[in-house]
Amino acid sequence: MPVVLILLTTLPLAAAVVSLLGRTRASQALTLVMGLACLGLAIALVPAAAHDSPHTGFLRADAISVVFLLGTAFLYAAAAVYSIGYLRAEEHREDFARYARRFYLGVNLFAWSMLAAPLVNGLALLWIAVEITTVVSALLVALDNTDNAAEAAWKYVLLASAGLGIGLLATIVMYYAGSTVAGQSYDLAFAPLLAAGTRLPHTAVQLAFVLAVLGFGTKVGLFPVHTWLPDAHSEAPTPVSAMLSGSLLAVSFYAVLRYYQIASGTLGASFPRTVLLVFGVLSLLLAALYLLEQRDLKRLLAYSSVEHMGILAIGIGLGAPLATAGVLLHVIVHAAAKGNAFFGAGVLVRKYRTKDVATIRSGLDTLPWTAPLFLLAILALAAMPPFGLFRSEFQIVAGGLAAAHNAVTVVLVVLVTVAFLGLSVATTRMLFTPGPRVVARGEPSAWMVAPMLAGLAVLVLLGIHPPADLADLFARGVSDLAGGGT
Amino acid sequence: MNPAVSPPGIYAGIANGLAVLLLLTEFAMLRAALLRAQVRLYAAQSLLVSILAVVVAATRHLPELYVLAGLSLALKVIVVPWLVSRMLRRTTTEIAGSGALGVASEVLVAVAVAAFGFFATSRFHISSPALPTTALGLGVAVILVAFVLMVVRRDVVSQAIGFFSLENGVSLVSLVVAAGMPLILEVAFLFDLLVAVVVFGVLMQVHHARSESLSTTHLTRLRG
């Protein structure tokens with residue numbers, strides 16, 4: 001199993017090196033192969049991580065990290081397929097070769113950093129990996145080189161870096177807390193910090209946890225530090241938007257979870273849970289309100305991501321094992337559903353040459369494949385059965401009620417419904433409202449439809465019957481998060 | 001007043017003095033109008049951090065800190081300021097765009113924020129064998145003033161310098177509470193900073209190429 005960890009953190013780098021050479025076809029093919037390989041390797045890790053935590057050197061995988069790996073690897077593979085179709089429409093650019101080289105270099109490095117983040121053993125390395133995801137994705141946001149893209153990239157890099165400055169402070173305070181137990185020189189690995197438990201100084205751990213939620217929360221998109229998120233998601237090239245939304249936010253949430261794990265081991269669960277509940281409910285409220293009046297298709301989906309990150313924070317904050325299992329499932333199904341939604345939105349934007357919700361009309365007549373798939377992705381995001389998000393959000397709500405958090409659970413259900421209203425009104429307008437036929441009927445590329453079909457299959461599978469190995473993985477993750485050690 | 005409290009020794013005095021100077025350079029950055037002056041102040045501040053690292057290394061016998069001080073000197077005193085001023089030479093702008101507030105109000109806000117950070121930190125009762133905890137409060141104050149700088153300034157260079165100096169504040173905090181952190185991690189942090197600086201530089205150039213200025217006042221298209 002150790003070899004799998006090493007491969008997962010080297011294959012995307014190999015693809016990045018080949019992309020540097022600038023042979024577009026070769027980069028495309030290799031990115032595709034590496035994406036699928038990483039997905040296969042992540043799936044292969046599932047049984048091992050459900051019972052054990054394989055590790056080698058400074059790499060380590062346990063149940064929680066494999067959950068995040070699955071989401072990231074799936075989107076890496078899906079984005080690799082989608083990009084082939086997406087770049088075809090850019091071929092008319094006079095600087096296409098340069099654009100494609102930068103695109104593939106960036107996408108592979110981005111995937112590499114996001115796969116490395118859940119696999120490194122230690123808070124310091126985790127911070128470094130998250131910081132690399134920031135700088136690489138900021139360049140990807142600026143890739144289209146328009147005024148809007150430059151503005152979005154600048155806001156993103158500045159806010160996310162400032163947030164990660166706070167995250168670095170959290171890392172250092174946690175280092176201090178650990179050094180009172182583990183001695184002056186240790187490497188911030190997870191196991192000793194978790195084993196130290198209540199012996200860590202409480203004030204320092206409290207401080208570190210709040211700083212971590214605020215700092216890494218900037219990258220998660222939690223209110224009030226979410227402001228970069230809609231800009232970056234709407235201006236990035238579509239495959240990158242999908243990766244930003246489905247994986248990057250989740251990977252940053254993974255960092256918050258690690259701090260949660262240590263903090264609840266030291267302080268007891270009630271303080272960290274309350275912090276997460278407050279941030280989660282506020283994020284959900286903000287997102288639900290912005291979703292109601294959103295004119296820009298990609299910003300609409302970006303606010304939907306803020307909504308879902310709020311749901312994740314609330315799910316952990318509720319504290320019930322059932323809700324925690326729901327959160328872990330939610331990470332994977334949200335990656336699949338949000339990937340599909342962005343892929344579909346990307347096709348709509350390509351076809352109609354606008355991101356304005358009011359201009360896109362009669363989508364169902366124009367795009368025979370993408371429009372229904374986009375509709376299903378939106379329904380999945382709204383947690384309709386039989387999709388996986390129905391199962392995960394159902395578990396979160398049922399867990400909340402079981403843990404007697406009735407008020408928070410009711411707020412959760414109401415706000416998710418408001419968000420559904422916003423999403424569905426915009427979607428039905430775009431797809432069903434008849435409008436003047438401005439574009440010819442037909443799909444731009446089969447490469448852009450295929451990953452949506454795969455995503456739909458994942459959503460249905462996880463909604464109807466999650467594989468037994470995955471259920472074991474979630475059970476293990478829940479017991480780890482509840483303080484069952486590593 | 002507890003009579004058992006001994007007056008600070010030479011080491012604590014030097015360390016606290018350096019930490020105060022760090023905070024003062026942060027304030028100087030806040031009121032510097034010339035972009036080049038800001039870059040120089042950043043270099044001076046980074047130099048102070050390196051000196052402090054050497055002082056800690058010599059007094060507390062932590063030899064890895066010498067390496068860290070050397071790297072931080074090379075990177076933050078020489079490479080980063082050089083990269084930023086090279087970019088500045090290519091642009092014609094010399095004076096930072098006027099801030100969101102007047103200089104006097106900016107400094108007042110910063111004083112209030114710094115005092116809050118300093119006194120709030122003392123409530124956490126974090127003590128460290130490496131440096132007096134006064135330096136910790138000063139480090140937090142530097143970080144908060146750096147945030148004020150990033151918020152009130154309206155040009156890309158000041159905002160970026162604000163972020164870099166925020167990192168200096170974090171370095172000061174880490175010297176106080178995490179002096180023994182393994183060198184490999186410290187080096188990785190520094191390397192990461194270098195990558196971030198390069199990306200900041202690229203995006204500053206993209207911004208300059210698109211808008212013909214360093215100002216961020218017109219970055220208001222994306223909202224809602």
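**Figure 1. Surroundings of A:A208 in the predicted model.** In this predicted model, A:A208 touches A:A170, A:V173, A:M174, A:A177 and A:Y259, leaving aside residues up to four places away in sequence. A:A208 and A:V173 are also among the residues with the most contacts inside the largest nonpolar core, together with A:A153 and B:V145. That core has 278 residues. Helix 7 of chain A supplies its largest share, 22 residues. In soluble globular proteins, nonpolar side chains tend to be buried together.

**Figure 2. Helix 7 of chain A.** The 36 residues of this helix should span 52 Å at 1.5 Å a residue, and the end C-alpha atoms are 50 Å apart, so the two values agree. Helix 7 of chain A is mostly covered, with 31 of its 36 residues buried. After the helix comes A:G183, which has a positive phi, near 95 degrees.

**Figure 3. The contact between chain A and chain B.** Chain A and chain B each bring 34 residues to the contact. On the side of chain A that touches chain B, the elements giving two or more residues are helix 6 (123-141), helix 7 (147-182) and helix 9 (202-220) of chain A. Helix 7 of chain A gives the most, with 20 residues. By residue class, this side of chain A divides into 21 nonpolar, 7 polar and 6 charged. The model scores ipTM 0.91 and pTM 0.93.

**Figure 4. Helix 1 of chain B and what covers it.** Helix 1 of chain B takes in residues 10-31. Its 22 residues should span 32 Å at 1.5 Å a residue; the end C-alpha atoms are 32 Å apart, so expectation and model agree. The buried residues of this helix are B:A15, B:L18, B:A19, B:L22, B:L23, B:T25, B:E26, B:F27, B:M29 and B:L30. The cover over these buried residues includes helix 2 (35-60), helix 4 (103-122), helix 5 (134-152) and helix 6 (156-177) of chain B.

Figure 5. Chain B has 7 helices and 0 strands, in the order α-α-α-α-α-α-α along the sequence. The radius of gyration of chain B is 18 Å, close to the 17 Å that the globule rule gives for 224 residues, so chain B is as compact as a globular protein of that length. Its C-alpha atoms fill a box of roughly 60 × 35 × 30 Å along the principal axes. Of the 224 residues in chain B, 46% are buried. When contacts in chain B between residues at least 6 apart in sequence are counted, 76% join residues at least 24 apart. The mean pLDDT of chain B is 85, and 93% of its residues reach 70 or more. Where pLDDT is low, the predicted coordinates should not be read in detail.

Figure 6. Chain A has 20 helices and 2 strands. A compact globule with 486 residues would have a radius of gyration near 23 Å; chain A has 21 Å, which agrees. The C-alpha trace of chain A spans about 70 × 50 × 40 Å along its principal axes. Buried residues account for 64% of the 486 residues in chain A. Among contacts in chain A with a separation of 6 or more, 81% are between residues 24 or more positions apart.

Key. Residues are numbered from 1 along each chain as its sequence is written. Chains are lettered from A and ligands numbered from 1 in the order in which they are written. This is a predicted model: local features need pLDDT of at least 70, side-chain atom pairs count only at pLDDT 80 or more; totals for chains, interfaces and linings use all residues. Helices (H or I, at least four residues) and strands (E, at least two) are DSSP runs, numbered from the N terminus. The radius of gyration is taken over C-alpha atoms; the globule rule is 2.2 Å times the number of residues to the power 0.38. A residue is buried if 20 or more other C-beta atoms lie within 10 Å of its own, exposed if 12 or fewer, and partly exposed in between; C-beta atoms are placed from the backbone. Two residues are in contact if their C-beta atoms, placed from the backbone, lie within 7 Å. Ala, Val, Leu, Ile, Met, Phe, Trp, Tyr, Cys and Pro count as nonpolar, Asp, Glu, Lys and Arg as charged, and the others, Gly among them, as polar. A nonpolar core is a set of buried Ala, Val, Leu, Ile, Met, Phe, Trp, Tyr and Cys residues joined through C-beta atoms within 7 Å. The expected span of a helix is 1.5 Å times one less than its number of residues. pLDDT is the predictor's confidence in each residue, from 0 to 100.
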